[in-house]
Amino acid sequence: MQRIWVVVLSVWAMLAIVAVLAWSSHPMVSLPTSAAQTMVVKGHGGKQRLVVLKAPIHATTATSAAVNR
Amino acid sequence: MSVLHRTEWRAVGTNCAAAVTADPDDEREVSWALGAAREEVAACEGELSRFDPASDLSRLNAADGRWTPVGRRLLEALDLALRAREETGGRFDPTVLPALAAAGYDRSFELLEEREARWADDWRAGTAIELDVRNGCARLEPGSSVDLGGIGKGYAAGCALEAMLGVSQTLAGGLVDLGGDVAVRGESPEGGPWLVAVADPRRAGETLAVLALDSGGVATSGRDARRFGPARSLHHLIDPETGEPALAGPLTVTVVAPDPAAAEVHATTLAIAGLGEAEAHVSSRPRISALYVPQAGPAVTLGALPVVSQRLVVRAA
């Protein structure tokens, strides 16, 4: 009986964690499936993480730097 | 299957790129479209540049209050700038040029020489700009002059995108990037949104976040580039309230808006705003969103920023 309660509580705990993560996350944008690409991005506290994008980056925005003409 | 056709060149003082989504066999349409984008950027530069003495804007700035014939593009860009000044309560002001020039940014950036900064004592914000659209003329208040640097680039990106995609209906989508001012519309070659990386201003070559856009514009403004003066201690973001390079504001701010000129206006406005002011600015404008990178600490998203990757940055409370 005790084992059953442990399983039930574990399932509920997992569902709660999933619900919190879903509630706190940004809306995801579905991406096309071709041309997977990995990139390093910065996360909380400056930690780096590897992100797999399933499409290539088309442009980069930054404060525009001058170029010699 | 569609593929991406791309061209890159230098114009408006920075690196430019244009790309279209099209069938591999549409070589002629693609060639015309990419050519149209480059021609439109050149036409905009010919009217809007303050560094070309022959441009319409240079002639207007030198006219000392007289009515001056100018091109359609300059009239449209001035109209956008005037609307932006009104919409932002003067936080965006195209007439800061005398203050910017006095501080030392008086020629194209790559030609700047190091010299002591001066402040424009007699400068004041919000000087008059009059437009006569019917007769194709404009007039500035005597002693005033205009800089359309940022909004001009955003305007040019939008015009170039329209010119490019207007060449043929077989073009499924396109992108124009003028030194980080990005305009997109239609399909990417993969069939989904266009992906625009936001460069990390603190670590060269690294990405802070990735944005996904179906249409609209992105622009970044900040004090991490275009620094000048003694020991590169000055930046080009003039606070219209003081006439001097702004003290408050983030290291960089990236704005997503319905069009690239609007993105530039709000990026320039937020680039001289503290975080609280920036939050209030974005929350009262549901059509824009922003990634605010403070001078210290983690980046903050403002509004419904279309970020692809989750939890890369901190959301505003």
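A: Helices (DSSP H or I, at least four residues) and strands (DSSP E, at least two) are runs numbered from the N terminus. B:Glu40 belongs to one of them, helix H1 (residues 27-48) of chain B. This is a predicted model, in which local features need pLDDT of at least 70 and side-chain atom pairs need pLDDT 80 or more, while totals for chains, interfaces and linings use all residues. Residues count from 1 along each chain as written, chains are lettered from A and ligands numbered from 1 in the order written, and side-chain values use heavy atoms, without hydrogens or water.

B:Glu40 is buried, at 11% relative accessibility; buried means under 20% relative accessible area, exposed over 50% and partly exposed in between, with a 1.4 Å probe and protein chains only. Beyond its neighbours within four places in sequence, B:Glu40 is in contact with B:Arg73, B:Cys159, B:Ala160 and B:Ala163. Contact here means heavy atoms within 4.5 Å. B:Val41 also lies in H1. The relative accessible area of B:Val41 is 0%, so B:Val41 is buried. Not counting residues up to four places away, B:Val41 touches B:Trp9, B:Ala11, B:Val12, B:Ala160 and B:Leu178. B:Val12 is 29 residues from B:Val41 along the chain, yet their C-alpha atoms are separated by 7.9 Å.

Helix H3 spans residues 72-87 of chain B. H3(B) has 16 residues and reaches 22 Å from first C-alpha to last, close to the expected 22 Å. That expected span is 1.5 Å times one less than the number of residues. The buried residues of H3(B) include B:Arg73, B:Leu74, B:Leu78, B:Ala81 and B:Arg85. An α-helix has 3.6 residues a turn, so residues three or four places apart point the same way. The buried residues of H3(B) pack against H1, helix H2 (56-61), S4, S5, H5 and helix H6 (260-270) of chain B. Just after the helix, B:Gly89 takes a positive phi of about 65 degrees.

Below H3 in this account comes a sheet. H3(B) lies across S4 and S5 of chain B and runs at about 135 degrees to S4(B). Axes are lines fitted to C-alpha atoms, for helices over the stretch in contact, and angles run from 0 to 180 degrees between N-to-C directions. The open sheet has 3 strands, in the order S3-S5-S4 (chain B), with antiparallel pairing. Strand S3 (68-69) and strand S4 (129-132) of chain B stand at the edges with a single partner strand each, so one side of each has no neighbour in the sheet. Two strands pair if DSSP finds at least two bridges between them. S4(B) and strand S5 (residues 137-140) of chain B run antiparallel, joined by 4 bridges. B:Ile129 stands opposite B:Leu140 in S5(B).

Next, the cores. A nonpolar core is a set of buried Ala, Val, Leu, Ile, Met, Phe, Trp, Tyr and Cys residues joined through side-chain atoms within 4.5 Å. The largest has 44 residues, and B:Leu74 and B:Leu78 are among those with the most contacts inside it. Its largest share, 9 residues, comes from helix H5 (residues 149-165) of chain B. B:Leu78 is in contact with B:Leu60, B:Ile129, B:Leu131, B:Ala138, B:Val146 and B:Leu148, leaving aside neighbours within four places in sequence. A second, separate core of 19 residues includes B:Leu237, B:Ile272, B:Ala278 and B:Leu302.

Strand S10 is elsewhere in the chain. Strand S10 (residues 216-222) of chain B has 7 of its 7 residues buried, so the rest of the structure largely encloses it. Both faces of S10(B) are covered: B:Val218 and B:Thr220 are among the buried residues on one side, B:Ala219 and B:Ser221 among those on the other. Strand S7 (residues 181-186) of chain B pairs antiparallel with S10(B) over 3 bridges. There, B:Gly217 is the bridge partner of B:Ala183. Strand S13 (residues 252-257) of chain B also pairs antiparallel with S10(B), over 6 bridges. B:Val255 in S13(B) is the bridge partner of B:Ala219.

Finally, the cysteines. The whole structure has 0 disulfides; a disulfide is a pair of cysteine sulfur atoms within 2.5 Å. B:Cys16 is buried at 3% relative accessibility. Its sulfur is 11 Å from the closest cysteine sulfur, in B:Cys44, too far for a bond. B:Cys137 is buried at 16%. The sulfur of B:Cys137 is 19 Å from the closest cysteine sulfur, also in B:Cys44, again too far for a bond.
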